[in-house]
Amino acid sequence: MDTVPITPNLTMLRVNGWQLYVWRDGDSVTLIDTGAPGSGAEILSAVRSVDRIVLTHGHVDHSGSAAELHQETGAPVLAGAGDAAAIRTGAAVPAPVFEDWEVPIHQRVSAGLPDTAPPVPVDRELVDGDVLDFGGGAEILAIPGHTEGSIAIHLPRQGVLFTGDTIANVGTVMLGTFNQDRAQTVTSFQRLAALDVETACFGHGEPIASGAGTKLREVAATLVP
């Protein structure tokens, strides 16, 4: 497991190549995503306790260890309303509509991953405009496109944004891949780019610790739905 400090309150954990984020308010710990199935023990070796688990969407590389962590810690699980049913039942969310160039990439990166995550109760279904009690007030944005229930988490007082897979930073900031609806994903990217943020954390690729908003806006301006 790799541990990557981003800000004094924020750390990225990379477990077997899949990444998640830890936000700390003193002794209170919030996990943003949980990596692939089987990551729970390594995550808990780094955080010890968890107060809440927020899932950006229902893909297995983000929700995979939610059930294990919930069972071990009792932490409530929160997820976007559009993906909540799949997360509760352990079903797959609807498949992406692949662009031709994405097919071999998906085959490579998904090798060895199960199709679905173990089922886990969703204690709260999140909708646009919800505010969660961490980071000085964590604002939920519904950003459909990658999946129906994809959400972003914005900490305006901290200047921090968790984009899920709507935006990636794999070599360069880019529209996330493997989307159910590309046009919706572009619109969601542009909504996130309009926010005043300093730090951006992506589902895939390195976080940007400072100056993130400017970079997001530069890329958003090049995208056509």
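The model is a predicted one.

Strands of a sheet pair through backbone hydrogen bonds, either parallel or antiparallel. Here an open sheet of 5 strands shows mixed pairing, and its strands follow the order β8-β9-β10-β11-β14. At its edges stand β8 (131-132) and β14 (199-201), each of which pairs on one side only.

On one side, strand β9 (residues 138-142) is joined to β10 by 4 bridges, and the two run antiparallel. Strand β10 (residues 151-155) also pairs with strand β11 (residues 160-162), again in the antiparallel sense, over 3 bridges. Individual residues show how these pairings are arranged. Ile153 in β10 is the bridge partner of Ile140, and Ile153 also stands opposite Phe162 in β11. His154, in turn, stands opposite Leu161 in β11. Between β10 and β11 lie 4 residues, and the two strands form a hairpin; in its turn, Gly159 has a positive phi of about 70°.

How much of β10 is covered? The strand is mostly covered, with 5 of its 5 residues buried. Its side chains are divided between two directions: Ile151, Ile153 and Leu155 point one way, whereas Ala152 and His154 point the other way, and all are buried.

The discussion now turns to the helices α1 and α3. Their axes lie 9 Å apart, and the helices pack at an angle of about 50°. The crossing in which α1 passes α3 is right-handed. Where they meet, Gly40, Ala41, Ile43 and Leu44 of α1 are in contact with Glu68, Leu69, Glu72 and Thr73 of α3.

The nonpolar cores complete the picture. The largest has 22 residues, and the members that touch the most others are Leu31, Ile43, Val47, Val50, Ile53 and Leu55. Several elements each supply at least two residues of this core, including the helices α1 (40-47), α3 (66-73) and α4 (81-89) and the strands β2 (10-15) and β3 (18-25). Apart from this core lies another, of 21 residues, among them Ile143, Phe189, Val197 and Val219.

Which residues does Leu55 touch, leaving aside those up to four places away in sequence? Among them are Asp33, His62, Ala66, Val77, Leu78 and Ile87. Leu55 also touches Ile151, a buried residue of β10.

Methods. Residues are numbered from 1 along each chain as its sequence is written. This is a predicted model: local features need pLDDT of at least 70, side-chain atom pairs count only at pLDDT 80 or more; totals for chains, interfaces and linings use all residues. Side-chain values use heavy atoms; hydrogens and water are left out. Two strands pair if DSSP finds at least two bridges between them. A nonpolar core is a set of buried Ala, Val, Leu, Ile, Met, Phe, Trp, Tyr and Cys residues joined through side-chain atoms within 4.5 Å. Buried means under 20% relative accessible area, exposed over 50%, partly exposed in between (1.4 Å probe, protein chains only). Contact means heavy atoms within 4.5 Å. Axes are lines fitted to C-alpha atoms, for helices over the stretch in contact, and angles run from 0 to 180 degrees between N-to-C directions. A crossing is left-handed if the near helix is turned anticlockwise from the far one by less than a right angle, and right-handed if clockwise.
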